[in-house]
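Hello,

Please find the structure below. My notes on what turned up in it follow.

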Amino acid sequence: QVQLVESGGGLVQAGGSLRLSCAASGRTFNNVAMGWFRQAPGKEREFVAAINWSAEWTHYADSVKGRFIFLRDNAKNTEWLQMNSLKPEDTAVYYCAINEGRAGFSVAALTSATSYDYWGQGTQVTVSS
């Protein structure tokens, strides 16, 4: 059974930083992409960032570009989202997810929540002003 477990969320002041982690277990993964999404109260889940298997390619939502960095270590089945210069509008529950490529690995597929196969339970990030 595949499990994704996020950690690292919390309360931080605007301008601060947090590093989210996501550990995958339950099977061996090959050639999968990873993604981070977030959902604020009363809003739909939105794309934050994606990374391909080799970590040579990353894609970010415009709202976080230049502030967030997506890293992964396939040997450890772990990924991280380094979040810098946090803003109150970054407040949300953050979810990591695995994309096995059923819909390919285009930007359109990797930015769509429906293309992802496995999800973590989420971790709360709250940024105070």
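Arginine 102 is exposed, because its relative accessible area is 58% and the cut-off is over 50%. Please keep in mind that this is a predicted model. The partner of arginine 102 in a salt bridge is aspartate 117, with the closest N and O atoms 2.4 Å apart. This pair links distant parts of the chain: arginine 102 sits in the loop between E9 and helix H1 (107–110), and aspartate 117 in the loop between H1 and strand E10 (118–119), 15 residues apart. Aspartate 117 counts as partly exposed, at 22% relative accessibility.

The structure has six salt bridges. Arg38, Glu46, Arg67 and Asp90 form a network of them. Within it, arginine 38 pairs with glutamate 46 at 2.6 Å between the closest N and O atoms. Arginine 38 is buried at 5% relative accessibility, while glutamate 46 is partly exposed at 35%. Aspartate 90 pairs with arginine 67, the closest N and O atoms being 2.8 Å apart. Aspartate 90 is buried at 0% relative accessibility, and arginine 67 is buried at 10%.

On the nonpolar side, the largest core holds 36 residues; Trp36, Val48, Phe68, Phe70, Leu81, Met83 and Tyr94 have the most contacts inside it. Strands that each supply at least two of its residues include E3 (18–25), E4 (33–39) and E11 (123–128). Leaving aside neighbours within four places in sequence, methionine 83 touches residues including Leu18, Leu20, Phe68, Tyr94 and Val125.

Finally, serine 129, in the segment after E11, is exposed at 87% relative accessibility. Its C-alpha is 5.3 Å from that of alanine 14, although serine 129 and alanine 14 are 115 residues apart in sequence.

Regards

Methods:
Residues are numbered from 1 along each chain as its sequence is written. This is a predicted model: local features need pLDDT of at least 70, side-chain atom pairs count only at pLDDT 80 or more; totals for chains, interfaces and linings use all residues. Side-chain values use heavy atoms; hydrogens and water are left out. A nonpolar core is a set of buried Ala, Val, Leu, Ile, Met, Phe, Trp, Tyr and Cys residues joined through side-chain atoms within 4.5 Å. Buried means under 20% relative accessible area, exposed over 50%, partly exposed in between (1.4 Å probe, protein chains only). Helices (H or I, at least four residues) and strands (E, at least two) are DSSP runs, numbered from the N terminus. Contact means heavy atoms within 4.5 Å. A salt bridge is a side-chain nitrogen of Lys or Arg within 4 Å of a carboxyl oxygen of Asp or Glu.
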